[in-house]
Amino acid sequence: MIFYKAKDYQDLSRKAANIISAQIIMKPDCVLGLATGSSPLGIYKQLIEWYQKGDLDFSQVTTINLDEYKGIGADNPQSYRYYMEHQLFAHVNIDRLRTFLPDGMEQDSKKACEEYNRIIHEHGEIDLQLLGLGRNGHIGFNEPGGAFEKETHCVNLSMSTIEANQRFFESKEKVPKQAYTMGIKNIMQAKRILLIVNGKEKEQILERALNGPITPQVPASILQLHSNVTVIKNIGKQYI
Ligand code: F6R
């Protein structure tokens, strides 16, 4: 495991964007596993800047996102498809046909998850998987529980996650209660994992994830078993 301490959020974003850029430059048709939430915003901003300078080309890149809320569509500003469109896709030369997220509007969970697994398998391995860390140790929306979920599945979001994500919604009641997420097996099959951890309030859970017992009660603890993980943490100045 490679571990970097960033001096502030900008430093974290640049370090992570450098790793993603290197991946794209080394393998222009790479498959990137992407995440949403607050932590990657600075990374996407940095990647857009380098694209605009002419240093990056997304034309052959494929992206497969970790998760999507169930029950909201691409035109809903709270959906992860909308987030990706506005924070990255619309600003770079990526082919939308190569960008994938679970279909939040598919009400049939089994169908939605099978289809997403099919997409993941069709693309072979994910070259680089970007992960944020939930306050309760979740990765993707793999919430603490009795077992590590294997592949894409539908989850009931925990109260801690609903409370953490309510900042993006008008009220707690408006936060969807379910989501489709890649499973731990999908995540662990990525060739390389980049975990970004921003915020002093995540320091303790990061410590449990990296140095505590491997348990589904702390889903990120499974990363101890992956052979190629880079962690970048910022517990200094928050956001830009
Ligand atoms: C988002 C995702 C989540 C977030 C995590 C941290 O696609 O999969 O696991 O990475 O909830 O969110 P932030 O970065 O908002 O603290």
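Close-up 1. Strands here are DSSP runs of E with at least two residues, helices are runs of H or I with at least four residues, and both are numbered from the N terminus. Please keep in mind that this is a predicted model, in which local features need pLDDT of at least 70 and side-chain atom pairs count only at pLDDT 80 or more, whereas totals for chains, interfaces and linings use all residues. Residues are numbered from 1 along each chain as its sequence is written.

**Close-up 2. Strand β3 runs parallel to β2.** Four bridges pair β2 with β3, residues 62–65, in the parallel sense; two strands pair if DSSP finds at least two bridges between them. Across this pairing, Leu-32 stands opposite Thr-63, and Val-31 has Thr-62 as its bridge partner. To get from β2 to β3, the chain passes through helix α2 (residues 41–53), making a right-handed β-α-β crossover. Right-handed means that, with the strands pointing away from the viewer, the path from the first strand over the helix to the second runs clockwise. Both faces of β3 are covered: Thr-62 and Ile-64 are buried on one side, Thr-63 and Asn-65 on the other.

**Close-up 3. Strand β5 also pairs with β3.** Here we meet β5, residues 99–100, which is parallel to β3 and linked to it by two bridges.

**Close-up 4. Strand β6 pairs with both β2 and β9.** Strand β6 covers residues 128–131 and runs parallel to β2, with two bridges between them. Leu-128 is the β6 bridge partner of Leu-32. Four bridges also pair β6 with β9, residues 192–198, again in the parallel sense, and Leu-131 finds its β9 partner in Leu-195. Leu-128 and Leu-130 on one side of β6, and Gln-129 and Leu-131 on the other, are all buried.

**Close-up 5. The ligand sits among 14 surrounding residues.** The closest of these are Thr-36, Gly-37, Ser-38, Ser-39 and Gly-132. The shell divides into five nonpolar, eight polar and one charged residue. In this count Ala, Val, Leu, Ile, Met, Phe, Trp, Tyr, Cys and Pro are nonpolar, Asp, Glu, Lys and Arg are charged, and the others, Gly among them, are polar.

Close-up 6. His-138 is buried because 26 C-beta neighbours lie inside 10 Å. An unreviewed UniProt entry lists Asp-67, Asn-136, His-138 and Glu-143 under "active site"; such annotations may be inferred rather than shown by experiment, feature names are shortened, and positions follow the numbering used here.

**Close-up 7. Two loop residues are partly exposed.** Ile-214 belongs to the loop between α7 (203–211) and β10 (229–237). Ile-214 counts as partly exposed because 14 other C-beta atoms are within 10 Å. Phe-169 is in the loop between α5 (159–165) and β8 (178–181). Phe-169 is likewise partly exposed, because it has 14 C-beta neighbours inside 10 Å.

Technical notes:
Near = placed C-beta within 6 Å. Buried ≥ 20, exposed ≤ 12 C-beta atoms within 10 Å, placed from the backbone.
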